[in-house]
Amino acid sequence: MFARTATRDVELGGRTVRAGEPVTMLFPSANRDEAVFADSHRLDLDRRPNRHLAFGRGAHRCPGSAMARLEMAAALRALLDTTARVALDGEVEMFNWLEFGPRSVPLRLTARAGG
């Protein structure tokens, strides 16, 4: 997340932000914005277009984002190639700020036959 202070009065999303008022943006919350993403709370690895903000934008874009995407794709491919079934195996623990999503998601993985 990051915070800024408004330098002038401005209307955003039907709300007036006054000059001097602090404004905070929570990246995880923006990545589940129903106005941007259909079925925004569902994990969809093939979502297109996928205009999430996990790696920033413009001059503030993470220089390691391409490597992070490759690493995640390789890790998921290795996991899914050897897994027949994934099931929830306990209570999901959320962060104190719901915008950040789950802190812990216990899963039970069933190996593929011969894997």
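Me: Which residues line the second largest pocket?

Reply: Keep in mind that this is a predicted model. The lining consists of Phe2, Arg4, Leu12, Val23, Thr24 and Met25. The volume of this second largest pocket is about 200 Å³.

Me: Which element gives the most to that lining?

Reply: Strand β4 does, with 3 residues. β1 (2–5) and β4 (22–25) each supply at least two. By class, the lining has 4 nonpolar, 1 polar and 1 charged residues.

Me: Now the largest pocket. What is its volume, and which residues lie nearest its centre?

Reply: The volume is about 1300 Å³. The lining has 29 residues, and Leu43, Asp44, Leu45, Met72 and Leu76 lie nearest the centre. Helix α2 (residues 65–81) gives the most to this lining, with 8 residues. The classes are 15 nonpolar, 6 polar and 8 charged.

Me: Which peptide bond is cis here?

Reply: The one from arginine 48 to proline 49, with omega near -10°. Proline 49 sits in the loop between α1 (27–30) and α2.

Me: What is phi of aspartate 39, and is this residue buried or exposed?

Reply: Phi is near 50°, a positive value in a residue other than glycine. Aspartate 39 also lies in the loop between α1 and α2. Its relative accessible area is 52%, so aspartate 39 counts as exposed; the cut-off is over 50%.

Methods
Residues are numbered from 1 along each chain as its sequence is written. This is a predicted model: local features need pLDDT of at least 70, side-chain atom pairs count only at pLDDT 80 or more; totals for chains, interfaces and linings use all residues. Side-chain values use heavy atoms; hydrogens and water are left out. On a 1 Å grid over the protein atoms alone, a cavity is a set of points where a 1.4 Å probe fits but cannot get out, and a pocket is an open set with protein on both sides within 12 Å along at least five of seven lines; lining residues have an atom within 4 Å of a point. Grid points are joined across faces, edges and corners, and a volume is the space filled by probe spheres set on the points. Helices (H or I, at least four residues) and strands (E, at least two) are DSSP runs, numbered from the N terminus. Ala, Val, Leu, Ile, Met, Phe, Trp, Tyr, Cys and Pro count as nonpolar, Asp, Glu, Lys and Arg as charged, and the others, Gly among them, as polar. Buried means under 20% relative accessible area, exposed over 50%, partly exposed in between (1.4 Å probe, protein chains only).
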